[in-house]
Amino acid sequence: DSSGSATWYQTHEVFDKKVNNITFDFFYKPRTLTLLVVLLVTMFIFSFWRDDAVTDSNVWMGIVFVVIVLEVISILAFPNGPFIRPHPAIWRMGFGLSVAYMLILIFALFQKYQDIVAALQWLDPSLVGEGPDLTDYAVDCSLTLANVRSRIDVFILGHLIGWILKAMVIRDVILCWVNSIMWEVTEVAFAHLLANFNECWWDIWILDILLCNGLGIVIGLYLCKKLEVRRLNWASFKDLRWPRDKIKRAVLQFTPESWTHVRWLDPSSTYMRYAAISIFVILWQVSELNTFFLKHIFLIPTTNLINTYRLVLIGIMAAPAIRQYYVYCTDKTCKRMGTQAWVFIANTFLESLLCIKCGKELFAQTLIDNLIFWIVFQLLTCLVVLFTLIYVSQRRKRESIEKKS
């Protein structure tokens, strides 16, 4: 039937969305032989006409070309995933980077801690001599202007922008707030392991939850609402006469091709939907935790660019992964999880395994009661939210029926 065909099409589009309205044929035609020739010629030139006397330079060049070849293969062979703007090749390359990151994590999992630290210091010599971040933000919790100003830095802006993007990816106000508050609970539960999780009450409730998280959620969901109601009429470059219209169309190429309304929490949700949402919330917290444990265990300062590169990569991986996970959880006709979601979940657990393996002394201090409380609290929160939504929905239905009668 037509509804079944539409559902199948939606599910298929999440795996490998196709470009329907192509305006520049040059950018969408397959050029496999051209890429192969350019790649081989480039490797030939760099391998034969460069000074290979310095071992470090040789290793760097080898790493660079391994990544380049993997990215070329990604462009040629990997699926588009759910997104095609500004060009499907960009999202294929992002998927290629996530696969490369997974292979690096697998390789690191079988190495000694000292060797991993040495490799990181070889990549970035500024890491030599660095120690773990032991900053405690709860030393002086008096609510003074000086204390508040000392907490406001560039990371506040990054925190705000991060939640704007997170809200635009999740697209559900309840789930956004659940993840926001759960993260503060997560910090409290693991503060005995990481000193910089200790924060003052006003830092948690005012700066974090209300200012950064809250404002970011409001702005992100406002942008989602605008994108949902926007009328999408993609005119071809060939049909535009004026330069101003062509420039505007070029800029719009970097906006979403379409925008789908999502509904994570449904009053008719089954136990499987509850389990899927609970897993999503826990995975979200674990991915955030990995950021702090990785830089603490492997002695990477917060301001180091390695952290920034990883966060950008996580963002590139998370956007299509969350979309595919959402369809897998909510569409009964979808029988398998998308590849981007699969790789993202694998990377999250591989990061956690690497942290546990290399931070045995740190995790030996884990308070089991805190860990159990953290897991149970998240499961109960998801359960309460879901049942509250069901109760409110049923109550509204009864009131609507009573008014009609």
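Predicted model: local features only at pLDDT ≥ 70, side-chain atom pairs only at ≥ 80, totals over all residues.

Biologist: What makes E288 and K166 a salt bridge?

Modeller: The term asks for a side-chain nitrogen of Lys or Arg within 4 Å of a carboxyl oxygen of Asp or Glu. In E288 and K166 the closest N and O atoms are 2.7 Å apart, so the pair meets that rule. E288 lies in helix α11 and K166 in helix α7 (residues 154-170), so the pair ties together parts that are 122 residues apart in sequence. Helices here are DSSP runs (H or I, at least four residues), numbered from the N terminus.

Biologist: Why is E288 called buried?

Modeller: Buried means under 20% relative accessible area, exposed over 50%, and partly exposed in between (1.4 Å probe, protein chains only). E288 has a relative accessible area of 18%, so E288 is buried.

Biologist: How do you know whether E351 and R310 are buried or exposed?

Modeller: E351 has 1% relative accessibility and so counts as buried; R310, with a relative accessible area of 11%, is buried too. These residues also form a salt bridge, their closest N and O atoms being 2.9 Å apart.

Biologist: What makes a set of residues a nonpolar core?

Modeller: The set must be buried Ala, Val, Leu, Ile, Met, Phe, Trp, Tyr and Cys residues joined through side-chain atoms within 4.5 Å. The largest such core has 69 residues, and F190 and W264 are among those with the most contacts inside it. Helix α11 (residues 271-297) gives the largest share of this core, eleven residues.

Biologist: Why does the lining of the largest cavity have no charged residues?

Modeller: A cavity is a set of points on a 1 Å grid over the protein atoms alone, where a 1.4 Å probe fits but cannot get out, and lining residues have an atom within 4 Å of a point. The lining residues are W91, G94, F95, S98, I316, M317, P320, Q340, V343 and F344. Asp, Glu, Lys and Arg count as charged; Ala, Val, Leu, Ile, Met, Phe, Trp, Tyr, Cys and Pro as nonpolar; the others, Gly among them, as polar. By class, that gives seven nonpolar, three polar and no charged residues.

Terms used: Residues numbered from 1 in each chain as written. Heavy atoms only, no water. Helix = DSSP H or I, 4+ residues; strand = E, 2+ residues; numbered from the N terminus. 1 Å grid on protein atoms, 1.4 Å probe; cavity = no way out; pocket = protein on both sides within 12 Å on 5 of 7 lines; lining within 4 Å.
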